[in-house]
Protein chains: 2
Amino acid sequence: MNQPLPADQRAMLRRVRPVQLIFLGFLLVTAAGTGLLLLPAATAPGGQTDFIHALFTATSALCVTGLTVVDTGSHFSVFGQVVILVLIQLGGFGVMTFATVVGLMVLGRLSLRSKLLAATEAKSLGLADLRSLILGIIKISLVIEAVLAVILSLRLHLGYDMSLGDAIWHGSFHAVSAFNNAGFALYSDSMMGFVGDPVIGLPLCAAIILGGLGFPVIMQLRRRFRTPRLWSMHTRIVVWATSVLLVLGTGMILALEWSNPATLGPMSWPEKLLASFFQSVQTRTAGFNSVDISAMKPTTWLGMDVLMFIGGAPAGTAGGIKVTTVAVLLFIVFTELRGDAAVNIFGKRLSRAVHRQAIAVVLLAGSLVVVVTGALMHLSGLPLDQVLFETVSAFSTVGLSTGITAELPMLGQLMLVLLMFIGRVGPITFASALALRERRTLYELPKERPIIG
Amino acid sequence: MNQPLPADQRAMLRRVRPVQLIFLGFLLVTAAGTGLLLLPAATAPGGQTDFIHALFTATSALCVTGLTVVDTGSHFSVFGQVVILVLIQLGGFGVMTFATVVGLMVLGRLSLRSKLLAATEAKSLGLADLRSLILGIIKISLVIEAVLAVILSLRLHLGYDMSLGDAIWHGSFHAVSAFNNAGFALYSDSMMGFVGDPVIGLPLCAAIILGGLGFPVIMQLRRRFRTPRLWSMHTRIVVWATSVLLVLGTGMILALEWSNPATLGPMSWPEKLLASFFQSVQTRTAGFNSVDISAMKPTTWLGMDVLMFIGGAPAGTAGGIKVTTVAVLLFIVFTELRGDAAVNIFGKRLSRAVHRQAIAVVLLAGSLVVVVTGALMHLSGLPLDQVLFETVSAFSTVGLSTGITAELPMLGQLMLVLLMFIGRVGPITFASALALRERRTLYELPKERPIIG
Ligand SMILES: [K+]
Ligand SMILES: [K+]
């Protein structure tokens, strides 16, 4: 039997809503991370980290963005790199956990299988459920990261003449960075040294894709991999959209960069294919690069802007407006074109509340990116193509750059800090707030419409 | 009593739907216009017009876009300019009439005041209604154009030492070009010679704004100007959005270009204000310019891209995705942020069918602009900021350019021809097709939802 809470505790719960917790948590951990990175021990001997660079790096790590204003491998000491690694792990784990809990509440409340009576109770998931969920997420994360770390460490030790200690450290760092879609690398040229090595590239991609699918999908795939007809609408959308976007991205990069002498041009065709696939995976939204982004064609940047803006799946480590949002919007457009009355996806009708939510996410995100892009252009005098790439990369927590991050004026870097934060914490806070809220309808007004288009 | 139509006529009516008529009409008139502009008599003595330039000019005139690949004033003879003028008038009039008829059908069918029983008959408006509507549109257009032509002609004759005959021709040409939001000018520097002259600038702006409000709004304002509480939701949205966007556009251009030595910099502040207001009006989507667009800051271009993409009101002479579409989306976002169950605008509930229509219009338009921008960048090697400006200008039938139109390779110009055509005919055909279609709902599937954001 549930004991009613005392009045003061209930009042506190009303004030601190679950969606505010993640916001406050991120803010506190960013502050702590900035403090730690400012310690002299965090910087390599002879170096010094100023406040804005420490803040930028801590935010970029916690938000698993991967944009950098100093070279991670040479500027920071191993202690500094460990701080970055911990921030990445906390950031990836924090969002994955929070989004999964909220997502399951929403899905549970709205799915056919949930009992209608349990709808309100579902909002306060039992502590036992929560504990097993968190343990599940930790287990999955650690298993995938460990497997990848072993593969990378072995390869670095055996194939690249790295000492075993160094190989284990590098393998572990990049494994955590990959699964959490953080994109931080210990090499100043990111993964360009491994562009032709599938033993490094493909396992990295696998971990990134898994992280980007999100925990609910990983769990369902684990249990029901061979019975796709039992998958939820959410899982189907995520798996389909991820596959389609990976293929489209690979094709686009391959076609546009095929003969670019500074990127794919000099490679053999299997290398071109590997590099294109690798970059296609990174663009949503891991952020390593194995070819020189600054040397790519502006047209490729534009295509990558679109892929970065879309990002990965909710309740995972990827950023962006999320593939489910885009899928919902596309299905709405198809429904309009076909003239159907309801939006049906994979044999289920799409809840109408989701339509408006998807519009809100896209419009707010799009407006934010355009406004910040304008402001950064005004501040820096840099051209639209590079600034837009940088802004989308920061908002979607991708971390790829055409090379202008460190050049930006301080105010511009601060704007990116804010954008990374909003890009990581905003969509989930926003979507959760919308999804968890009770809607009150007292009465309906008479209906009218304007002319559209 | 209605006589049933013979079977063959009914079959024909099923085949040629009203929304296909405007498409075919535009195609035929474009072909005829191209043919006429190719005649030697259409070109100034000594000149010659090749096919692609004639096609581009005819499309640009009929679609009231105003992008040019040759100088209208010096390249064409007076006969050629008359052809352009007739195309502009046909294009403006055609879309205004068609969109008004369709819009009134939709509004009539869905408004509270319409009888439910008359719903199906409303689809075939009586011929008498149609005739009086078309006469009304002709009358309004000619009256506004005539008033503007008189003002411009007098000013050109008295203030600029132009002979009376020339002044009347120039006044009439620019009056028609302005009310139809076409933006064709007989001067190679568009309206830059009149940047400080409010007697030219403000009447031009007034006619452009009226044309951009759309015929249904002009009619309602004429009858009920002093009783805004009787205005329809459509009229309120259009009047509010137009005012807000004009003020925002003026403020943005003023702020960003204030000290740009190549644009507003050398002007006195009343001139700066006039030039900013003028350019703000032109951006949605008339297309004259009184300052040098190519010398503006790229940040200003980006802001103008947004204004151009939005455009004016439906059932008028302006282009773009339309202010009503944007207003509907914004109201949806506000509704989500406030947590209301229904989208209420000005005391009325917004029809849910409109939500999906607005999303479809924005997504299709946005995708088209991004894809064509990428293709044009790839073809021309020009930077994103200029190409995006050009593409949005063509799609939204604005006609402003950073000066790259004539430089583009032939294939690029052909793509712009297609984009101008789709930009003008597409949204109305599309929106009409959606709005007029009967929706059949045989059964509803069980409901489910993915996680968003
Ligand atoms: K990243
Ligand atoms: K125009």
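Modeller: Start in chain B: the charged end of B:K272 sits over the ring of B:W258, 4.3 Å from its centre. That label needs NZ of Lys or CZ of Arg within 6 Å of the ring centre and within 35 degrees of the ring normal. This is a predicted model, where local features need pLDDT of at least 70, side-chain atom pairs count only at pLDDT 80 or more, and totals for chains, interfaces and linings use all residues. Residues are numbered from 1 along each chain as written, chains are lettered from A and ligands numbered from 1 in written order, and side-chain values use heavy atoms, without hydrogens and water.

Biologist: What sits over the ring of A:W258?

Modeller: The charged end of A:K272, 4.3 Å from the ring centre.

Biologist: Switching topic, which residues coordinate the potassium ion (ligand 2)?

Modeller: B:V64, B:T65, B:N181, B:A182, B:T285, B:A286, B:T397 and B:V398, each through O, at 2.5 to 3.2 Å. Donors are N, O and S atoms within 2.8 Å of the metal (3.2 Å for Na, K and Ca); water is not among the atoms, so sites may look incomplete.

Biologist: Which parts does the pair B:N181 and B:A286 tie together?

Modeller: B:N181 lies in the loop between α7 (164–179) and α8 (198–213) of chain B and B:A286 in helix α11 (residues 269–286), so the pair links parts 105 residues apart in sequence. Helices are DSSP runs (H or I, at least four residues), numbered from the N terminus.

Biologist: Is B:N181 buried or exposed?

Modeller: Buried, with a relative accessible area of 0%. Buried means under 20%, exposed over 50%, partly exposed in between (1.4 Å probe, protein chains only).

How values were computed: Helix = DSSP H or I, 4+ residues; strand = E, 2+ residues; numbered from the N terminus.
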